[in-house]
Amino acid sequence: MNNFNILKERKNTNSIKWDFINFMYPDLNHEVLPLWVADMDFECCNSIVNSLKERVNSNIYGYSSFDDEYYDIITNWVNKQYGYSVNKSEIFYSPGIVPALGILIRTLTKEKDGIIIQSPVYYPFKNMIKNNNRTVVENNLVNNNGYYEIDFEDLEEKAKNPNNKMLILCSPHNPVGRVWNQKELEQIAIICSKYNVYIVSDEIHCDLLREGITFNSMGKLKDTIKNLLVICTAPSKSFNLAGLNLSNIFIFNDNIKELWKDEITNKMAVSNPSPFAISATKAAYTSGGQWLKDVNKYIDSNLIYLKEFLDKKLPAVKYVIPEGTYLAWLDFNNYNLTDEQLTSLLLNEAKVAFDEGKLFGMTGEKFQRINVACPRLILEEALERVYNTLRSK
């Protein structure tokens, strides 16, 4: 039985989340509880740990590549979990999804082209667009009392502009936690097909779902939009393997495949995954299923605890339990605080580190993103600190 209540010491392990918080906030002169970076504070499942130990015990760590077993494992997982098919020729390696976005932006668009994102959204989307000299085009989500929906009328207006060439879809959505339903995805596909807009679907959180919620992948629509579709996946969020730097990018169009290979192999010479990443991914997708079910159940309980705590002690903080991810999107608009004041208060008085909402776009102002994939004691302590700081505000 997995025990996610174990307080695993992560300080002095080169953890960005725990050891490098001062690089993000250099003026801090104290330690904070970090609930910001999106990795889990849970130990990996035993099958992954054992596979890595076995690989270490080989005593040779040379260049590695994927074998047929690896591809079979990926295709079986996709078919079983998400209900569509992908074959070996459609699976491409990237060290991460954000690097993959950079490659796809450079190969499928030109400088100054518009790329649509649905704010508030994972901020590296905007950074990659701007840093590659493309134009950020925002199709802002509609906030209906904490439940976010897509503004399809606005999306079509943006898509019909011939300068806008790509939509980066966050599915499930980070930070608002929506798991887009089949009807919503079909509408996206109709609009993008009509105006020949590429869809790059970031599905990294697809295995992290609330009880009773089903993930719908853009892959189910690939037969009708495969010339426009690229799907980005990884075991990193699902199985807490972010540090192993392995993502699987699904490309269905032959021309995009060639563009990808030219960019990543010929121009960047990125082609060899770590042997540890291969071993861990195989183990995750063959014997990590029960661990994943257990961790989702634990995250469910943390999100419910968060909701009950806020409703009872800090009702001015508005929050809707997300359909997916292990991230909570907290609305502090009821407090008479600027973003700077709110973040400073949380960091310097409450001594907790969340992700400030304006990083995710202007529609994220006065929000904070909190990562609840941690032992309950950490979450309890963080919330008590926030309560003791804000109760008099």
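Trainee: Happy to start with the cysteines: how many disulfides are there?

Mentor: Keep in mind that this is a predicted model. A disulfide needs two cysteine sulfur atoms within 2.5 Å. For Cys44, the nearest cysteine sulfur belongs to Cys45 and is 6.7 Å away. For Cys232, the nearest one is that of Cys170, at 11 Å, and the count of disulfides comes to zero.

Trainee: Thanks! Is Cys232 buried or exposed?

Mentor: Residues under 20% relative accessible area count as buried. Cys232 has a value of 0%, whereas Cys44, at 21%, is partly exposed. The term for Cys232 is therefore buried.

Trainee: Which residue stands opposite Cys232?

Mentor: Cys232 belongs to β9, and strand β9 (residues 229–233) pairs with β8 in the parallel sense over four bridges. The residue opposite Cys232 is Asp202.

Trainee: Why is β8 described as largely enclosed by the rest of the structure?

Mentor: In a regular strand, side chains alternate between the two faces of the sheet. On one side of β8, Tyr198, Val200 and Asp202 are buried, and on the other, Ile199 and Ser201 are too. Strand β8 is largely enclosed because the number of its five residues that are buried is five.

Trainee: Let's turn to charges. How far apart are the closest N and O atoms of Lys313 and Glu384?

Mentor: Side chains of opposite charge can pair when their charged atoms come close. Lys313 is partly exposed at 30%, as is Glu384 at 26%. Their closest N and O atoms are apart by 3.0 Å.

Trainee: In the pair Lys267 and Glu263, which residue is buried?

Mentor: Both lie in helix α11 (residues 254–267), four residues apart, about one turn of the helix. Lys267 is exposed at 58% relative accessibility. With a relative accessible area of 11%, the buried residue is Glu263.

Technical notes: Residues numbered from 1 in each chain as written. Predicted model: local features only at pLDDT ≥ 70, side-chain atom pairs only at ≥ 80, totals over all residues. Heavy atoms only, no water. Buried < 20%, exposed > 50% of the residue type's maximum accessible area, 1.4 Å probe, protein only. Helix = DSSP H or I, 4+ residues; strand = E, 2+ residues; numbered from the N terminus. Pairing = 2+ DSSP bridges. Salt bridge = Lys/Arg side-chain N within 4 Å of Asp/Glu carboxyl O.
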